[in-house]
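Subject: Structure for your review

Hello,

Please find below the structure I said I would pass on. My notes on it follow directly after.

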Amino acid sequence: MACFCPRPISLNRFGPCPQIPQPPRIIANPQQRLKRTRKFITLACQTNPNLDDTSTKERLVVEPSNSKGTSSPKDAAPPSSSSSSSSPPGLPELPNKDTNRKIAIVSILAAWGLFLSSRLDFGVSLKDLTALALPYEEALSNGKPTVVEFYADWCEVCRELAPDVYKVEQQYKDQVNFVMLNVDNTKWEQELDEFGVEGIPHFAFLDKDGNEEGNVVGRLPRKYLLENVDALARGENSVPHARVMGQYSSAEARKVHQVVDPRSHG
């Protein structure tokens, strides 16, 4: 027979289970990451391999721990003194003190030689040419061709061409006579009219018999004078530049600077 209970059977109620908090993990270096190791198997091959005698070697490679990819100081090899002192590969070696001293000496000698050569060229004056020149009467009687230059001390073009005339004269002085006639000297009035001198410098080229083969007047390249003198030295019947005129000084200014000096050949 069934029996009814006035109070229903109730299930036991269980309260929520409280979670026990775990203590925080303490990391010595937050940026430190776990090192991962990899194993590589390296096979060592011999010159004469033997199938029965093979060996394997294991090598541990430790990846860098930091994020920049740099190895730890313990793993890095210490730099050698030779690599730190020498220059980087691919760059030329710097000259030493001895090389610099030799370069300085050569540069000084070259500059000094250039200075001396320029002084020798520009140091030649009309007075120097006059001192080296042959007297006009002697030049007409020695049987050599002659170059007669009509000039003046106040002539700027004459002074500029003096170094070029000196070089040509030194080259052909044994074969050709060089005469300097100053237009300010009244002694040469007849020669001025004879050669028709209107501008200076005036170069008259005479053969060995005293006949005029041509003339060059004014500022012109040195090759004109050089080629004409070379033709005279080789005994040519004519000169390549027989009638050439450049920038010159007017011979009319000689009347202001005239000097009476019959004893002078200049």
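**Overall picture**

The protein has seven helices and nine strands, where helices (H or I, at least four residues) and strands (E, at least two) are DSSP runs numbered from the N terminus. This is a predicted model, in which local features need pLDDT of at least 70 and side-chain atom pairs count only at pLDDT 80 or more, while totals for chains, interfaces and linings use all residues. Residues are numbered from 1 along each chain as its sequence is written, and side-chain values use heavy atoms, with hydrogens and water left out.

Of the 266 residues, 26% count as buried; buried means under 20% relative accessible area, exposed over 50%, and partly exposed in between, with a 1.4 Å probe and protein chains only. Among contacts between residues at least 6 apart in sequence, 76% join residues at least 24 apart, a contact being heavy atoms within 4.5 Å.

**The sheet**

An open sheet of five strands runs in the order E4-E3-E6-E7-E8, and its pairing is mixed. Two strands pair if DSSP finds at least two bridges between them. E4 and strand E8 (243-245) are the edge strands, each pairing on one side only. Neighbouring strands are turned by 15° against each other on average, direction ignored; for such angles, axes are lines fitted to C-alpha atoms, for helices over the stretch in contact, and values run from 0 to 180 degrees between N-to-C directions.

Two helices pack on this sheet. H5 touches E3, E4 and E6, and its direction makes about 155° with that of E4. H7 touches E3, E4, E6, strand E7 (212-217) and E8, with its direction at about 20° to that of E6.

Going through the pairs:

- Strand E3 (residues 146-151) and E4 are parallel, with six bridges. Val148 stands opposite Val179 in E4, and Phe150 has Leu181 as its bridge partner there.
- E6 and E7 are antiparallel and joined by five bridges. Phe203 stands opposite Val216 in E7.
- E7 and E8 run parallel, with three bridges. Val216 stands opposite Val244 in E8.

Two β-α-β units occur here. E3, helix H5 (residues 156-172) and E4 make a right-handed one, whereas the unit of E7, H7 and E8 is left-handed. A crossover is right-handed if, with the strands pointing away from the viewer, the path from the first strand over the helix to the second runs clockwise.

Although E4 is an edge strand, six of the six residues in E4 (residues 177-182) are buried. Both faces are covered: Asn177, Val179 and Leu181 are buried on one side, and Phe178, Met180 and Asn182 on the other.

The largest nonpolar core has 42 residues, and Val147, Val148, Phe150, Ile200, Phe205 and Val229 have the most contacts inside it. Such a core is a set of buried Ala, Val, Leu, Ile, Met, Phe, Trp, Tyr and Cys residues joined through side-chain atoms within 4.5 Å. Elements giving two or more residues to this core include helix H3 (126-132), helix H4 (136-139), helix H6 (189-195), strand E6 (202-206) and helix H7 (222-233). H5 gives the largest share, seven residues.

Val148 touches Tyr136, Val179, Leu181, His202, Phe203, Ala204 and Leu206, not counting residues up to four places away in sequence.

**Cysteines**

Counting a disulfide as a pair of cysteine sulfur atoms within 2.5 Å, the total is zero. Cys155 counts as buried because its relative accessibility is 0%. Cys158 is likewise buried, with a relative accessible area of 0%.

**The E6-E7 turn**

E6 and E7 form a hairpin with five residues between them, and Gly210 in the turn has a positive phi of about 90°. Asn211 lies in the loop between these strands, E6 and E7. Is Asn211 buried or partly exposed? Asn211 counts as partly exposed because its relative accessibility is 44%. Leaving aside neighbours within four places in sequence, Asn211 is in contact with Phe205 and Leu206. Asn211 and Thr146 are 65 residues apart in sequence and 9.5 Å apart in space, C-alpha to C-alpha.

Regards
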